[in-house]
Amino acid sequence: MTKPPLTLFLAAPRGFCAGVDRAIKIVEMAISKWGAPVYVRHEIVHNKYVVDDLRAKGAVFVEELSDCPDDRPVIFSAHGVPKAVPAEAERREMVFVDATCPLVSKVHIEAERHSEAGLQIIMIGHAGHPETIGTMGQLPAGEVLLVETVEDVARVTVRDPEKLAFVTQTTLSVDDTIDIVAALRARFPAIRGPHKEDICYATTNRQEAVKAIAGKAQAMLVVGAPNSSNSRRLVEVARRAGCGYSQLVQRAGDIDWRALEGVENIGVTAGASAPELLVKEVIDALCARYDVTIEEVETAQENVEFKVPRVLRQPA
């Protein structure tokens, strides 16, 4: 039986960003240096395949530092942690390595500098997300106020409207933040913003590639985990940009084939914490059902690389 033709628009860039690549490398190098087990506070990145792979190599994933023994190394996830966490690790004389993405650390430093200048911070982010918890935890309670929507901006109670600054979660959609930033500036004209948008280059690049595909693709498959903020944003960006159907899939087995019936062209991308191996798995599944022609849609080139901490580059 002849397979129906399918044009596959493959987004570039897609998948792993420099921060995720560095975080995974940190766990692997820590296991190599100190042996298993190495403890990791929270999922190192939001991807089950990556976490399971590292677990098989000797990583033990826990939610809190209290779940870790004093005598084994612990790694803090790429999303960042509140200041109280490394302070507690130091108090317990633990060996710890901070795998926080340097772009998230940049937001932490920004928030601290604003606070030192006497400003209260408003953070645009998602409640409960590890990155938001980590950023808000850089300063004492009440010094960072969270807003998720334009409506939140109207309700937020500040100490002094003349002494405010804002920061944003790095994995948000640029489109999501535009309206919230505009509402903040309208209500608090004196508010200070970052010199450069906090949303990371990789988040923006992946969203731009999706926008370039969405107008010509009948469906979009985004490879990523349901707890991955940047992956979920890619699904939303595709829908807003005119793609009729957009689905988040962790693995090829999650594809809803009924929803793709009659589709002649499809876009495929991956969130910043999804490995290329899972993208290939999805492409192979499409090739098994369709006569696929792949067209790569490249909107940017990435050559960013973040160094791992010095402690891991030194011999044991």
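Select Gln138 and show its surroundings. Beyond neighbours within four places in sequence, Gln138 is in contact with Val81, Pro82, Lys83, His108 and Glu112; contact here means heavy atoms within 4.5 Å. Gln138 sits in the loop between helix H5 (130–136) and strand S7 (144–147). Helices (H or I, at least four residues) and strands (E, at least two) are DSSP runs, numbered from the N terminus. Gln138 is buried, at 10% relative accessible area; buried means under 20%, exposed over 50%, and partly exposed in between, with a 1.4 Å probe and protein chains only. Now draw a distance to Val81.

Two notes before moving on. This is a predicted model, where local features need pLDDT of at least 70 and side-chain atom pairs count only at pLDDT 80 or more, while totals for chains, interfaces and linings use all residues. Residues are numbered from 1 along each chain as its sequence is written, and side-chain values use heavy atoms, leaving out hydrogens and water.

**The sheet**

Next, pick out the strands S3, S2, S4 and S5. In that order, these 4 strands form an open sheet with parallel pairing. Strands count as paired if DSSP finds at least two bridges between them. Strand S3 (59–62) and strand S5 (96–98) are the edges; each has a single partner strand, so one side of each has no neighbour in the sheet. From one strand to the next, the twist averages 25 degrees. Axes are lines fitted to C-alpha atoms, for helices over the stretch in contact, and angles run from 0 to 180 degrees between N-to-C directions.

Zoom to strand S4 (residues 74–76). Strand S4 pairs with S5 in the parallel sense over 3 bridges. Select Phe76: its bridge partner in S5 is Asp98.

Helix H1 lies across strand S2 (38–41), S3, S4 and S5, and runs at about 160 degrees to S5.

**The cores**

Which residues touch the most other members of the largest nonpolar core? Select Val27, Ile44, Leu54 and Ile75, out of 26 residues in this core. A nonpolar core is a set of buried Ala, Val, Leu, Ile, Met, Phe, Trp, Tyr and Cys residues joined through side-chain atoms within 4.5 Å. H1, S2, helix H2 (48–57) and S3 each supply at least two residues of this core. H1 gives the most, with 7 residues.

**The cysteines**

How many disulfides does a search of the whole structure find? It finds 0, a disulfide being a pair of cysteine sulfur atoms within 2.5 Å. Select Cys101, which is buried at 12% relative accessibility. Its closest cysteine sulfur is in Cys17, at 6.1 Å, too far for a bond. Then go to Cys243, buried at 5% relative accessible area. Its closest cysteine sulfur, in Cys287, is 19 Å away, again too far for a bond.

**The whole chain**

Zoom out. The protein chain has 11 helices and 12 strands. Its C-alpha atoms fill a box of roughly 65 × 55 × 30 Å along the principal axes. Of its 316 residues, 53% count as buried. Among contacts between residues at least 6 apart in sequence, 76% join residues at least 24 apart.
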